[in-house]
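Work through the exercises below with the sequence and the 3D view open. Try each task before reading its solution.

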There are 2 protein chains.
Amino acid sequence: MSIPASKIKFIKSLHRKKYRQKYNNFIVEGDKIAKEMLHSNSLRIEGIYATDSWLSTNKALLKLHESVLFKVSLTELGRISTLKTPNQVLIVAKIPQRNFPNQHTGFALYLDNIQDPGNMGTILRIADWYGIKTIFASPDTVELYNPKVLQGSMGAFLRINVFSTGLQTIREAFPDKVIYGAFMEGESIYNIQKHPDALLVIGNEGNGIHPDNMPFIDKKITIPKGKGGGAESLNAGVATGIICSEFFRENPQK
Amino acid sequence: MSIPASKIKFIKSLHRKKYRQKYNNFIVEGDKIAKEMLHSNSLRIEGIYATDSWLSTNKALLKLHESVLFKVSLTELGRISTLKTPNQVLIVAKIPQRNFPNQHTGFALYLDNIQDPGNMGTILRIADWYGIKTIFASPDTVELYNPKVLQGSMGAFLRINVFSTGLQTIREAFPDKVIYGAFMEGESIYNIQKHPDALLVIGNEGNGIHPDNMPFIDKKITIPKGKGGGAESLNAGVATGIICSEFFRENPQK
């Protein structure tokens, strides 16, 4: 039941984006996220590598996957894990194919070159909190299947569709959407009219929204600073949270 | 001008909390934060370790500190740095003595066992954005002078006083303060009355507010979830940002 060397090599290759894309496979790790994934039943599971004790306490959940179960020691898990301290279980799953939606109404996010996996994970978690089901992301945004993104998202990736696309494509596909961009200067988020069919664009951590995307922004909005505030900016995840809170107080997601 | 071995050992010891507390010294790194620190003039600088090019482009700023300047190579910087890729400058400074304030009115935060340095840095940055000058933190909250906290705070630590103390002490010292606690269940942040002399308690990432602190909470508040939202919780930094936004829209800091 232990893992052949070729399998170890394969799983380790999935630590890197290049091979995730080549093989269309990705990794998730840890008891909680593994259980959520198996419960959700929405992804094709290619392999479950777990300790004896984890396998025996999760028998019911594993019934459908007996052909892809591998019992491993903690040492073996350490060899294939992306974590400093490997957890009890690692799952390899297939990256699902997502076709650009034919239609979309309601609130969605557009991430313009978000680079930090922690921020990306946090933003997925915020979207999941507010029931936002669709995130569009520029092709240069950090990859959804980056292990740090998945870990930070706390399972949100199972409930949210992320589409990699340019902002122009969205503008053309959904001409009725009102596109809001988060800027250092703009109208206060407390005063703007919030359209129920809104797209919120969040820019890169250091550089903000890319100049090429400016023509597609309908409304520049900003989070007002407090009196005596010294910070130059807010973290991209925090800014997303504050603006979403403002939109959802008035327009709870249908 | 290169650094003696004993100095290298001393600076490396400051990577650890134990020695920061023993020597009452801490480290900050990077061009931007170093400049902010020298401009602010609020801390006693014990040593500036920088590359030749950094020293020569920042001469005016360094006038008051000529006796503690050390020109170092990038290799030497790498040896004393806490970063994977050392920046051009590292500063050693004295940890300032903070006496518990005799009086306090206006909005403040209480951090109850925040453990993640990234969250702590993010929360400092939020406080700095809203002009919140005072943060109280439980003694088991991650240390302010942890290099990752300082790095994440983007210089906010220069403008905010952080006091380590129990919640009971605050309750007794400031009996008129209204203490709000962030919970998974409570009154919606959109409906509560926001007292201008408020203390907002943010709990630990996994466990929330400690049971021992419950008796001191006047009002349990919560961020309403969106319809169809699946996430169990929001990140502690994001939750802090959303609640602060709600308080400051109505009570801008004086």
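## Salt bridges and burial

Over all chains, the whole structure holds 24 salt bridges (a side-chain nitrogen of Lys or Arg within 4 Å of a carboxyl oxygen of Asp or Glu). This is a predicted model, in which local features need pLDDT of at least 70, side-chain atom pairs count only at pLDDT 80 or more, and totals for chains, interfaces and linings use all residues. Residues are numbered from 1 along each chain as its sequence is written, chains are lettered from A and ligands numbered from 1 in the order in which they are written, and side-chain values use heavy atoms, with hydrogens and water left out.

**Exercise 1.** Find the salt bridge between K35(A) and D31(A), and state where the two residues lie.

Solution.
- Step 1: the closest N and O atoms of K35(A) and D31(A) are 3.1 Å apart.
- Step 2: both residues lie in helix α3 (residues 31–40) of chain A, 4 residues apart, about one turn of the helix. Helices here are DSSP runs of H or I with at least four residues, strands are runs of E with at least two, and both are numbered from the N terminus.
- Step 3: K35(A) is partly exposed at 29% relative accessible area, and D31(A) is partly exposed at 23%. Buried means under 20%, exposed over 50%, and partly exposed in between (1.4 Å probe, protein chains only).

**Exercise 2.** Are K177(B) and D197(B) buried or exposed?

Solution.
- Step 1: their side chains meet in a salt bridge, 2.6 Å from N to O.
- Step 2: the pair links distant parts of the chain, 20 residues apart. K177(B) sits in the loop between α9 (167–173) and β8 (178–188) of chain B, and D197(B) in the loop between β8 and β9 (198–202).
- Step 3: K177(B) is buried at 2% relative accessible area. D197(B) is buried too, at 12%.

**Exercise 3.** Describe how strand β1 of chain A is placed.

Solution.
- Step 1: 5 of the 5 residues of β1(A) (residues 25–29) are buried, so the strand is largely enclosed by the rest of the structure.
- Step 2: in a regular strand, side chains alternate between the two faces of the sheet. N25(A), I27(A) and E29(A) point one way from β1(A), F26(A) and V28(A) the other.
- Step 3: β1(A) pairs with β4(A) (residues 89–94) in the antiparallel sense over 5 bridges; pairing requires at least two DSSP bridges. I27(A) stands opposite V92(A) in β4(A).

**Exercise 4.** How many salt bridges join chain A and chain B?

Solution.
- Step 1: the count is 4.
- Step 2: in one between the chains, R249(B) meets E246(A), with the closest N and O atoms 2.7 Å apart.
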